[in-house]
Amino acid sequence: MVKKILRWGGLAFLVFFVAYRPQSAANVVGSIGGSLLDIANGFGDFFASLGG
(Lines give C-alpha, C1' and ligand atoms only; values in the text may rest on other atoms or scores of the structure.)
Protein backbone atom coordinates (compact mmCIF):
# COMPACT_ATOMS: atom_id res chain seq x y z
CA MET A 1 0.00 0.00 0.00
CA VAL A 2 2.76 2.45 0.95
CA LYS A 3 4.69 1.52 -2.19
CA LYS A 4 1.66 2.35 -4.34
CA ILE A 5 1.19 5.73 -2.64
CA LEU A 6 4.87 6.60 -3.09
CA ARG A 7 4.77 5.58 -6.74
CA TRP A 8 1.72 7.76 -7.49
CA GLY A 9 3.14 10.61 -5.44
CA GLY A 10 6.40 10.43 -7.39
CA LEU A 11 4.53 10.41 -10.68
CA ALA A 12 2.46 13.42 -9.61
CA PHE A 13 5.62 15.28 -8.60
CA LEU A 14 7.25 14.44 -11.94
CA VAL A 15 4.26 15.77 -13.89
CA PHE A 16 4.17 18.90 -11.72
CA PHE A 17 7.92 19.45 -12.14
CA VAL A 18 7.80 19.09 -15.93
CA ALA A 19 4.67 21.25 -16.24
CA TYR A 20 5.82 24.15 -14.08
CA ARG A 21 9.61 23.99 -14.48
CA PRO A 22 10.29 22.58 -17.95
CA GLN A 23 13.75 24.14 -18.25
CA SER A 24 14.86 22.73 -14.91
CA ALA A 25 13.42 19.33 -15.79
CA ALA A 26 15.31 19.36 -19.08
CA ASN A 27 18.52 20.25 -17.27
CA VAL A 28 18.04 17.38 -14.82
CA VAL A 29 17.38 14.88 -17.61
CA GLY A 30 20.38 16.15 -19.57
CA SER A 31 22.60 15.89 -16.52
CA ILE A 32 21.46 12.34 -15.77
CA GLY A 33 21.91 11.36 -19.42
CA GLY A 34 25.41 12.81 -19.46
CA SER A 35 26.33 10.94 -16.30
CA LEU A 36 25.02 7.66 -17.71
CA LEU A 37 27.01 8.25 -20.89
CA ASP A 38 30.17 8.88 -18.86
CA ILE A 39 29.60 5.66 -16.91
CA ALA A 40 29.04 3.69 -20.11
CA ASN A 41 32.23 5.14 -21.63
CA GLY A 42 34.15 4.20 -18.49
CA PHE A 43 32.93 0.61 -18.68
CA GLY A 44 33.80 0.51 -22.37
CA ASP A 45 37.30 1.77 -21.72
CA PHE A 46 37.76 -0.73 -18.91
CA PHE A 47 36.70 -3.72 -20.99
CA ALA A 48 38.75 -2.49 -23.97
CA SER A 49 41.85 -2.32 -21.79
CA LEU A 50 41.26 -5.89 -20.58
CA GLY A 51 41.33 -7.22 -24.14
CA GLY A 52 44.50 -5.66 -25.29
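Good morning. The protein exposes about 4700 Å², of which carbon and sulfur atoms supply 71%; accessible areas here come from the Shrake-Rupley method with a 1.4 Å probe, and for residues only the protein chains shown count as cover. This is a predicted model, in which local features need pLDDT of at least 70, side-chain atom pairs count only at pLDDT 80 or more, and totals for chains, interfaces and linings use all residues. Residues are numbered from 1 along each chain as its sequence is written, and side-chain values use heavy atoms, with hydrogens and water left out.

Let me turn to the overall form. The protein has two helices and zero strands (DSSP runs, numbered from the N terminus: H or I of at least four residues for helices, E of at least two for strands). Its radius of gyration, taken over C-alpha atoms, is 17 Å, well over the 10 Å that the globule rule gives for 52 residues, so the protein is more spread out than a compact globule. That rule is 2.2 Å times the number of residues to the power 0.38. Along the principal axes, the C-alpha atoms fill a box of roughly 50 × 30 × 5 Å.

Of the 52 residues, 2% are buried, meaning under 20% relative accessible area, whereas exposed means over 50% and partly exposed lies in between. Helix H1, residues 2-20, has 19 residues, and the count of buried residues among them is zero.

Helix H2 covers residues 22-51 and contains phenylalanine 47. Is phenylalanine 47 buried or exposed? Phenylalanine 47 is exposed, because its relative accessible area is 52%. Thank you.

Key
Expected span 1.5 Å × (residues − 1). Buried < 20%, exposed > 50% of the residue type's maximum accessible area, 1.4 Å probe, protein only.
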